[in-house]
Amino acid sequence: MRVREAMSGNVLVVGPEHTLRQAAEMMAERGVGSAVVVDPDSEGVGIMTERDVLKAVGAGLDVDVERTAAHLTWDVVYAGPDWTVHEAAEAMSRGGFRHLVVLDDGEVVGMISVRDIVRVWVGTPAVASI
């Protein structure tokens, strides 16, 4: 199976100036564990995950003050829509992360998560999280 068949095309996009609380609220509302961060003043896209929010909270930072730009990964590993699900799983395993942004010709077209891969491998339909 290809990434395009397993990925979610419903990608949450936030800006670098959103607070961590705003980003967390949007992620919770959409039932997703990550958000793509687009900064019009930089090249590429970043990713912020629920783990990034958890680290900030655990460090005692104020989620109403802290901005997403300070708590994300810019060095993102991207998947292509024509990758196999196995290739995506290997990339996640090598990198120690649970989400891959899917790019096609430089444009964000989706997100694939460990949850998506497991769902494909066990043959169950997608279920809304949270």
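**Close-up 1. Salt bridge between R21 and D64 in the predicted model.** In this predicted model, the side chains of R21 and D64 form a salt bridge whose closest N and O atoms are 2.5 Å apart. The pair links distant parts of the chain, with R21 in helix α2 and D64 in the loop between α3 and β4, 43 residues apart. R21 is partly exposed, having a relative accessible area of 37%, and D64 likewise counts as partly exposed, at 41% relative accessibility.

**Close-up 2. Salt bridge between E50 and R98.** Here the closest N and O atoms of E50 and R98 are 3.5 Å apart. Because E50 lies in helix α3 while R98 lies in the loop between α4 (85-95) and β5 (99-104), the pair ties together parts that are 48 residues apart in sequence. E50 is partly exposed at 38% relative accessibility, and R98 is also partly exposed, with a relative accessible area of 32%.

**Close-up 3. Salt bridge between R67 and E17.** The side chains of R67 and E17 meet with an N to O distance of 3.9 Å, which still counts as a salt bridge because the cut-off is within 4 Å. R67 is found in the loop between α3 (50-58) and β4 (78-79), and E17 in the loop between β1 (13-14) and α2 (20-30), so that distant parts of the chain, 50 residues apart, are linked by this pair. R67 is partly exposed, with a relative accessible area of 34%, whereas E17, with a relative accessible area of 55%, is exposed. The structure holds 5 salt bridges, among them the pair of R67 and E17.

Key
Residues are numbered from 1 along each chain as its sequence is written. This is a predicted model: local features need pLDDT of at least 70, side-chain atom pairs count only at pLDDT 80 or more; totals for chains, interfaces and linings use all residues. Side-chain values use heavy atoms; hydrogens and water are left out. Helices (H or I, at least four residues) and strands (E, at least two) are DSSP runs, numbered from the N terminus. Buried means under 20% relative accessible area, exposed over 50%, partly exposed in between (1.4 Å probe, protein chains only).
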